[in-house]
Amino acid sequence: MLKRVIQIAFLLIGGALGFIFLPPLYEFMHLSSNPWLDNPIVSIILGASLLFVLSFLLSDYCVRLIVWMEEVLFKLPVADLLFGTFGLIVGLIVAYFIGFAVERIPMRGVPEVLPILSSIILGYLGFRIGFKQREELLQLFTSKGNVQKKKVAMQDDIALSKLLDTSVIIDGRIADISATGFVEGALVVPQFVLTELQHIADSSDTLKRTRGRRGLDILKRLQDERASQVLIVDDDFEDVHEVDLKLVRLAKQRNAQILTNDFNLNKVCELHSVQVLNINDLANAVKPVVIPGEDMQVVVIKDGKEHNQGVAYLDDGTMIVVEGGRGYIGQAITVTVTSVLQTSAGRMIFAKPKES
């Protein structure tokens, strides 16, 4: 059925082309004086016959092309097709006005052919633009109120910005915390921090070089995974050489918070009345609560600094100082918690062997 439709289309197109192009061809070949040949009906019949014969050779290819186009179109999203069709309509409208403008061109055949060519070219271009630029077109139809909301949201995001120092980037836990969505606002990395990180990554010391490259990988991960902004800013203070002091001054200038796990930077920020978010504080806050008097099973692995002390560790790395535990090194014993010391540098548990 489709093949027959294509052959009929070739027949009609051939008749139209014969009507348009054969009279100029007769005139060029000096055959226009023949009334039997230079006749509109004869031109239509000759053009239709020629393309109808060609249809037997080309119809199979046309059928395959149409079937392939159907398969492609059925797989496309409806929104893409909708905007592609919108672009096609705009292109055809532009082609119509072009055809209207060239009607007065005195060259024979141009007013008939140029509108057809412009319709094909501009229609195709309009469809491609509408199909490929769907997101940009949607933004054009976005209301001013939504644009204003986005601007306000962006301003709020920057107002809640967090400055990252080198230690928290190398530590890497900020990427996991950021992925949970608990960190609000933009993450800001000053260029002087990035430069320090690059110097560490270029260090001749293997350990430093590994830590620096890990920090760069963490930054890349933050940029790829974080929903909100990760900004690299060029703000610098030439009169200050210490990176930590530069961070403090930048935090004051931007009214921002500093994200770190550096205990000394934490203290400096407190002295300068700069709000600091310490990753270690967060880690300590979410650790299981240990209450004095609670019993726990530990393995004493080494002796402590003080006389007759033993040291054990929990699974999360928390140190347990066991008073009188030196004689139990290498043994699993039950201890009773006596006190808990929790600071920004970490948490330490004091215990003693449980009396049997």
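Predicted model: local features only at pLDDT ≥ 70, side-chain atom pairs only at ≥ 80, totals over all residues.
A quick reminder before the numbers: for two packed helices, we quote the angle between the axes and the distance between them.

H10 comes up now. H9 covers residues 191-201 and H10 covers residues 206-225, and their axes come within 6 Å, crossing at roughly 135°. Is that oblique or roughly antiparallel? Roughly antiparallel needs an angle over 145 degrees, so H9 is oblique to H10. As for the hand, H9 passes H10 in a left-handed crossing.

Who touches whom there? On the H9 side we have Leu194, Leu197, Ile200 and Ala201, and they meet Lys208, Arg209, Gly212, Arg213, Gly215, Leu216 and Leu219 of H10. Sorted by class, the residues in this contact of H9 with H10 are six nonpolar, two polar and three charged.

Ser203 sits in the loop between H9 and H10. Is Ser203 buried or exposed? Its relative accessibility is 16%, so Ser203 counts as buried. A polar atom of the Ser203 side chain lies 3.1 Å from the backbone nitrogen of Asp205. And if you set aside the neighbours within four places in sequence, Ser203 is in contact with Lys208 and Arg209.

From H9, the contact uses Phe192, Val193 and Glu196, and from H11 it uses Val243, Lys246, Leu247 and Leu250. The class count for H9 with H11 is five nonpolar, no polar and two charged.

H8 is residues 173-180, and H8 and H10 pack at an angle of about 10° with their axes 9 Å apart. H8 and H10 are therefore roughly parallel to each other. On the H8 side the contact is made by Ile174, Ala175, Asp176 and Ser178, and on the H10 side by Ile218, Arg221 and Leu222. By class, that gives four nonpolar, one polar and two charged residues for H8 with H10.

Okay, zooming out to the whole chain. How many helices and strands are there? The chain has 13 helices and 11 strands. It has 356 residues, and 32% of them count as buried. Among contacts in the chain with a separation of 6 or more, 61% come from residues 24 or more positions apart.

Here's one pair separated in sequence, to go with that. Arg128 is in helix H4, residues 110-132. Arg128 and Thr85 are 43 residues apart in sequence, and their C-alpha atoms are 9.2 Å apart in space. With a relative accessibility of 34%, Arg128 counts as partly exposed.

Ser273 has phi near 60°, a positive value in a residue other than glycine. You'll find Ser273 in the loop between helix H12 (263-271) and strand S5 (276-278). Ser273 is exposed, with a relative accessible area of 69%. Then there's Asn308, with a positive phi of about 65° although it isn't a glycine. Asn308 is in the loop between strand S7 (302-303) and strand S8 (309-313), and at 34% relative accessibility Asn308 counts as partly exposed.

That's my tour. Thanks, everyone.

How values were computed: Residues numbered from 1 in each chain as written. Heavy atoms only, no water. Axes fitted to C-alpha atoms, helices over the stretch in contact; angles between N-to-C directions. Helix = DSSP H or I, 4+ residues; strand = E, 2+ residues; numbered from the N terminus. Parallel < 35°, antiparallel > 145°, perpendicular 65-115°, else oblique. Left-handed = near helix turned anticlockwise from the far one by under 90°. Contact = heavy atoms within 4.5 Å. Nonpolar A, V, L, I, M, F, W, Y, C, P; charged D, E, K, R; others polar. Buried < 20%, exposed > 50% of the residue type's maximum accessible area, 1.4 Å probe, protein only. Polar contact = N/O pair within 3.5 Å; in protein donor to acceptor, adjacent residues only side chain to side chain.
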